[in-house]
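Please keep the sequence and the model in view while reading.

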Amino acid sequence: MKLFANLFQQLDRTTKTTVKVKSLAKYFDTASDTDKVWTIALFTHRRPKRNVKTSLLREWAAEYAGIPLWLFEESYHIVGDLAEAISLIIDDSQQAMDKSLTTYIEELIDLKDKEEHVKKEYVLKAWNSMNQTERFLFNKLLTGGFRIGVSSKLIVKALSKSTGQEENVISHRLMGNWDPSTISFEDLILSESGLDEISKPYPFYLAYALEAEPEDLGATDEWQAEYKWDGIRGQLILRDGELFVWSRGEELVTDKYPEYEKLKDYLPDNIVIDGEILAYIDGKPLSFNMLQKRIGRKKVGKKLLQDCPVILMAYDILEYQGKDLRSKSTQERRDILNGICKNLPQEAPIRISPTIEFADWDVLKELRSKSRALDCEGIMLKRKSSEYKIGRKKGDWWKWKVDPMNVDAVMIYAQRGHGRRANLFTDFTFAVRNEEGGLVPFAKAYSGLTDKEFKEITSWVKKNTRERFGPVCSVHPELVFELAFEGIARSTRHKSGIALRFPRILRWRKDKNPNEINTLEDLENLLTK
Amino acid sequence: MQRKLIQFKERGLYIAPIDTYIDPWRPVGKAIITHGHSDHARRGHGAYLCHDDSVNILKYRLGEDIKVQGVPYDQVLDIDGVKISLHPAGHIIGSAQVRVEYRGEIWVVTGDYKTEDDGLAVAFEPVKCQHFITECTFGLPVFKWKPQEVVISEINEWWTENVRLGRPSVLSSYALGKAQRVINSVNHDIGPILTHGAVENTNEVLRASGIDIKETIRVTPDTDKSLFNKALIIAPGSGINSPWLNKFKNASIGIASGWMMMRGARRRRAADRGFVFSDHADWLGLNEAIKATEAEYIYPTHGYTNVFSKWLNEQGYIASPVETEYEGEVVE
Ligand SMILES: [Zn+2]
Ligand SMILES: [Zn+2]
């Protein structure tokens, strides 16, 4: 547990992704194989079942600390986290002993059918043999809900760094149903598997934001224009009769979009298509909000499949008849893609992202300004002669977005609403990151969410309140929102140095974590526009 | 029931027989001041009485022209039959508990206090009384401090590691009290100690009063920048949140505060390190201090006063919370 507690402390003390990956990789270099497997499991939400009721834990903690239960409850209320409150209320042990993470987890699993007094004896003894951080983590194992700002993406990066395996291979292996109590590290991560090869995606080619005027790009006939769809970038792989879907974050999401399974019947084998995963009904895309409902889910229910079906808005083909097409020109690849998709029936969940005809740049400007009405984010420009590159490269692919006035920010304070919404948290303060990675509050916003979302946020706020100042609660900086605003100006009255005009919540970005929010610098760049 | 010797008035804690307030938060004629922190020592009173070591601090913070009288600890002043004396509170330099005795009734007002001897402020001494007005900023059983040397060695380790990585160590702490406590107890062999202006001004005031504050270097535009990556840089919270911090590229930010006990508070400040380090008493300290007074009536101020009063009532005291405008320990 010491090693794991040490890892936790290092992760908890930094907001920098590179430092987190380094700490994790070092941990994976030194920890025992079973501890490694359990660590991966915990960070990818595969925690063991809870075998002790939290009400009992509260009673035991109060009793152990020699305080009345009400005083424990008050303390818990202030601390805001049960595992932490218990870890603080109990004194550090004088005779620390160390058992491994695996041992503790196995012992906890063993408690399942034990009598209450056996459970109690075990838990008290464990509390007494740990320091505060270890006790906190042990309690987290007991109570579940292991959220400490490490995404599975970071785990993948760290494992790749530690084992030398490619990230997408590891990502693939961490998918699906594996049982941490039976699988070995060898089987989970290291051993070769035939599926690795056929599921392997190509790295995505990513566009830069167009900052110059489009006229600077030269002749219009060198460019292919299409709408920028507001979905999730995805890569569909069909090889040896098996279908895989990857999202941009090196994440295998095949299970989340079962609709695509049908494509096996419509598409030729051994192809790879690049496109947008898009919620789509009756020939029209649905808002990204709709798609978001599916992002967080492991299992998609019937109703959701009906209300929010997806298609693949295809815009490129990377492999055909098993051959890598990336060195061919965009124009050639597009012709091949057109050939494949041309005669597909409506029920095939795939569409071609149409190219836009435009004689001069002014026509395109006009179309771009109206793209919001089509639920698009703007225009994509791709040089017809360009090959498909790796990663974000300047020159050939540009995204030309509408309305740059939006920003991803993290919620740091919540306040109760008035009147009808007096029992909900509806007013929020948001922060972006400064140069040092610290959070700077910069905007208050309220409208823009549904009552259902407010309810969900309210229950989250209640569980994640850190401090109360009258009606205002400060919360864990974890929920990310996209804010829109009408204007931005410098302000000496604000801590951030900027003031926004009419900020409002555009949507709740459940797909983003607080490391991915915008920076103060991003906002300052908007000032000059 | 006869009127209480100390009454809880709109402007502060009021000693009626001599028309004097203790730590009032609105301007009054005569004020006894427990210590120099801004929520206790405010502007605009006609006359100030405080401990000798607080005199210069008050003048520095409130203006040279204030009318202020200093007294040593334990010296009894008899004012119209009311006996007033100051006793060490161990909170910061010059901090005092105020003992008030009149017709056999004894009250003690703690101001802020801690029970651990920090080697800089004169150590806290319990004073027997019947009525005890006590702060309880950290009056919950989750607040438990480690001994000063343990926390200081954590700071030393963090600083040493930063020197090794070649990055500045910026530590946020109160300009008066905690800053000097850190300056005097960290290991000066690790590197130089640089200070924000607000901290250094306070250092100078204290040094001028004859208090031994170890060597520090004020950060100015002319400061040798090659010192930054080796230095421990002490700044108040307001400095940490200002562009001043941009001078120190790639700095690791630490915060020294009792609130750092809680993970949420640490994470919210987006600091790299939180050191649990306070000039207030922890749960155990509060309970021991109260017991040692042998007082029957307890009046908690600052912080979780309702919860703490309920707890004290269960322990057999007669406790009721007092509304004040003191702020406890603030992390900006
Ligand atoms: Zn104070
Ligand atoms: Zn105070």
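In this predicted model, S9(B) and S10(B) form a hairpin with two residues between them, and Arg103(B) in the turn has a positive phi of about 50°. Strands (E, at least two residues) and helices (H or I, at least four residues) are DSSP runs, numbered from the N terminus. Strand S9 (residues 96-102) of chain B is joined to S10(B) by five bridges, and the two run antiparallel; two strands pair if DSSP finds at least two bridges between them. Within this pairing, Arg99(B) stands opposite Val108(B) in S10(B). S10(B) is also joined by three bridges to strand S11 (residues 131-136) of chain B, in this case running parallel, and there Phe132(B) is the bridge partner of Val108(B).

Strand S10 (residues 105-109) of chain B is largely enclosed by the rest of the structure, because five of its five residues are buried. Here buried means under 20% relative accessible area, exposed over 50% and partly exposed in between, with a 1.4 Å probe and protein chains only. In a regular strand the side chains alternate between the two faces of the sheet. Accordingly, Glu105(B), Trp107(B) and Val109(B) are buried on one side of S10(B), and Ile106(B) and Val108(B) on the other.

Residues are numbered from 1 along each chain as its sequence is written, while chains are lettered from A and ligands numbered from 1 in the order in which they are written. Local features need pLDDT of at least 70, side-chain atom pairs count only at pLDDT 80 or more, totals for chains, interfaces and linings use all residues, and side-chain values use heavy atoms, with hydrogens and water left out.

Chain A holds an open sheet of five strands with mixed pairing, in the order S2-S15-S13-S3-S12. Its edge strands, each pairing on one side only, are strand S2 (208-209) and strand S12 (355-356) of chain A. Two bridges join S12(A) to strand S3 (residues 223-229) of chain A in an antiparallel arrangement, with Glu226(A) opposite Thr355(A).

Helix H5 (residues 69-79) of chain A has Trp70(A), Leu71(A), Phe72(A), Ser75(A), Ile78(A) and Val79(A) buried. These buried residues pack against elements of both chains, including helix H4 (54-65) of chain A and helix H7 (283-293) of chain B. After H5(A) comes Gly80(A), whose phi is positive, near 90°.

The largest nonpolar core has 100 residues, and among those touching the most other members are Ile40(A), Trp127(A) and Phe143(B). Such a core is a set of buried Ala, Val, Leu, Ile, Met, Phe, Trp, Tyr and Cys residues joined through side-chain atoms within 4.5 Å. A second, separate core of 34 residues includes Met405(A) and Trp508(A).

Which residues lie nearest the centre of the second largest pocket? They are Gln10(A), Val19(A), Glu161(B), Leu165(B) and Arg167(B), out of 22 lining residues. On a 1 Å grid over the protein atoms alone, a pocket is an open set of points with protein on both sides within 12 Å along at least five of seven lines, a cavity is a set where a 1.4 Å probe fits but cannot get out, and lining residues have an atom within 4 Å of a point. H2(B) gives the most to this pocket's lining, with six residues. Finally, a search of the whole structure finds six cavities of 30 Å³ or more, and Pro48(A) and Leu142(A) are among the residues lining the largest cavity. Grid points are joined across faces, edges and corners, and a volume is the space filled by probe spheres set on the points.

Terms used:
Contact means heavy atoms within 4.5 Å.
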